[in-house]
Every structure is written in structure tokens, then in C-alpha cells.
Amino acid sequence: MEERVIFSHQGVTVGYTHFKVGSKTYPIKDITSVEPRELKPKRIVARLFVFSGLPFILGRSFYPVLGLLLMLIGLFIGRAAKTRYALVVHTPAGEYKPLIREDILDITNVVTALNVALVMRDGAR
């Protein structure tokens with residue numbers, strides 16, 4: 001008998017008994033809870049570029065163009081770093097992040113489908 005699917009999109013499938021991301025499968029019975037989590041980008045490299053360009057611009061240097069270039073590279077790197085969102089799955093064995101995307105809607109849809117599967121699992125007991 002084939003499992004009924006609650007949600008299926010971009011390689012993620014949620015059924016009443018299994019949750020599948022790519023080739024990895026998680027049994028619904030082992031999942032205690034799920035939640036979305038925001039993963040803020042680390043912008044340390046961008047800050048290093050910006051702050052390394054400051055002495056060239058503010059100091060008595062012969063290379064203000066180099067300072068400006070370093071600062072522009074830092075600003076570009078900082079703007080290019082995107083906030084990502086993770087699906088966090090809690091099990092008795094620990095916490096897993098099987099799905100990470102840049103779109104919160106993708107994560108929210110999977111969380112909703114998994115919550116439906118968890119409620120249906122608890123209702124079946």
C-alpha cells in the first residue's frame with residue numbers, strides 16, 4: 001500500500017508516516033516537534049574589507065582608490081549574503097536541520113505539513 005502524501009514540492013515529501021528530503025527519510029513516529037529557524041549570515045569577511053579600506057581613505061595614504069575599492073567589495077559581499085531559513089526537526093536523538101532554503105515560505109509550508117502529519121499520528125493512537 002502506498003503512503004498518502006500531504007505535501008510534495010522540490011524534493012521534499014511529507015506523508016502520514018514518513019518525511020523525505022532528497023534521499024534522506026525520517027519516520028514521523030520519531031519526530032517530536034518541528035520549527036522554522038532563521039539563519040543570519042555571517043558578515044565578518046565583509047566587515048574586514050570595509051574596515052581595511054578605512055585607513056586608506058581616512059589616512060594620509062597615497063591609495064584612497066584602493067581604500068574605496070576595498071570598501072565597495074566589502075559592501076557588495078555584505079549585501080550578497082542572504083538570510084536563510086532552516087527546518088528544525090526535534091527527535092529524542094537530537095535536533096536536525098534537514099532543509100535549508102532562502103525562502104521562508106518553503107520552510108513554512110513544510111512545517112505546516114509536518115504538523116498535520118504529527119497531529120494525525122497522535123490522533124491515530
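Lys40 is exposed, with a relative accessible area of 61%. The classes are set by relative accessible area: buried is under 20%, exposed is over 50%, and partly exposed lies in between (1.4 Å probe, protein chains only). The model is predicted: local features need pLDDT of at least 70, side-chain atom pairs count only at pLDDT 80 or more, and totals for chains, interfaces and linings use all residues. Residues are numbered from 1 along each chain as its sequence is written, and side-chain values use heavy atoms, with hydrogens and water left out.

Lys40 forms a salt bridge with Glu38. Their closest N and O atoms are 3.9 Å apart. A salt bridge here is a side-chain nitrogen of Lys or Arg within 4 Å of a carboxyl oxygen of Asp or Glu. Glu38 counts as partly exposed, because its relative accessibility is 42%. By this rule the count comes to 5 salt bridges.

Another salt bridge joins Asp30 to Lys29, with the closest N and O atoms 3.7 Å apart. Lys29 counts as exposed at 63% relative accessibility. Asp30 counts as partly exposed at 35%. Arg101 and Asp106 also meet through their side chains, at 3.8 Å from N to O. Asp106 is buried, since its relative accessible area is 15%. Glu35, Arg37 and Glu95 are linked in a network of salt bridges.

Leu72 is found in helix H2. Helices (H or I, at least four residues) and strands (E, at least two) are DSSP runs, numbered from the N terminus. Leu72 is partly exposed, with a relative accessible area of 49%. A contrasting case is the pair Arg84 and Pro41. These residues are 43 apart along the chain, and their C-alpha atoms are separated by 7.5 Å. Arg84 lies in strand E6. It is partly exposed, at 40% relative accessible area.

Surface patches come next. They are made of residues with over 30% relative accessible area and no salt bridge; like charges are joined within 9 Å, and nonpolar side chains (Val, Leu, Ile, Met, Phe, Trp, Tyr) within 5 Å. Accessible areas come from the Shrake-Rupley method with a 1.4 Å probe, and for residues only the protein chains shown count as cover. A nonpolar patch covers about 1,100 Å². Its members include Ile44, Val45, Leu48, Phe62, Tyr63 and Phe76. Helix H1 (44-58) and H2 each supply at least two of its residues. H2 gives the largest share, 5 residues. Leu48 sits in helix H1. It is exposed, with a relative accessible area of 56%.

A positive patch is formed by Arg43, Arg47, Arg79 and Lys82. Lys and Arg count as positive and Asp and Glu as negative; His and the chain ends are not counted. Each charge is placed at NZ of Lys, CZ of Arg, CG of Asp or CD of Glu. Lys82 lies in the loop between helix H2 (64-80) and strand E6 (84-91).

The structure holds 2 aromatic pairs. The rings of Tyr26 and Tyr96 have centres 6.3 Å apart and planes at 45°, so the pair is tilted. Rings of Phe, Tyr and Trp (its six-membered ring) pair if their centres lie within 6.5 Å; planes under 30 degrees apart count as stacked, over 60 as edge-to-face and the rest as tilted. The Tyr26–Tyr96 pair links distant parts of the chain, 70 residues apart. Tyr26 is in strand E4 (residues 24-27), and Tyr96 is in strand E7 (residues 94-101). Tyr26 is buried, with a relative accessible area of 13%, whereas Tyr96 is partly exposed at 35%. Ring pairs link Phe19, Tyr26 and Tyr96 into a cluster.

One backbone angle remains. Gln10 has a positive phi of about 50°, although it is not a glycine. Most residues other than glycine have a negative phi. Gln10 lies in the loop between strand E1 (5-9) and strand E2 (12-15). It counts as exposed, because its relative accessibility is 52%.
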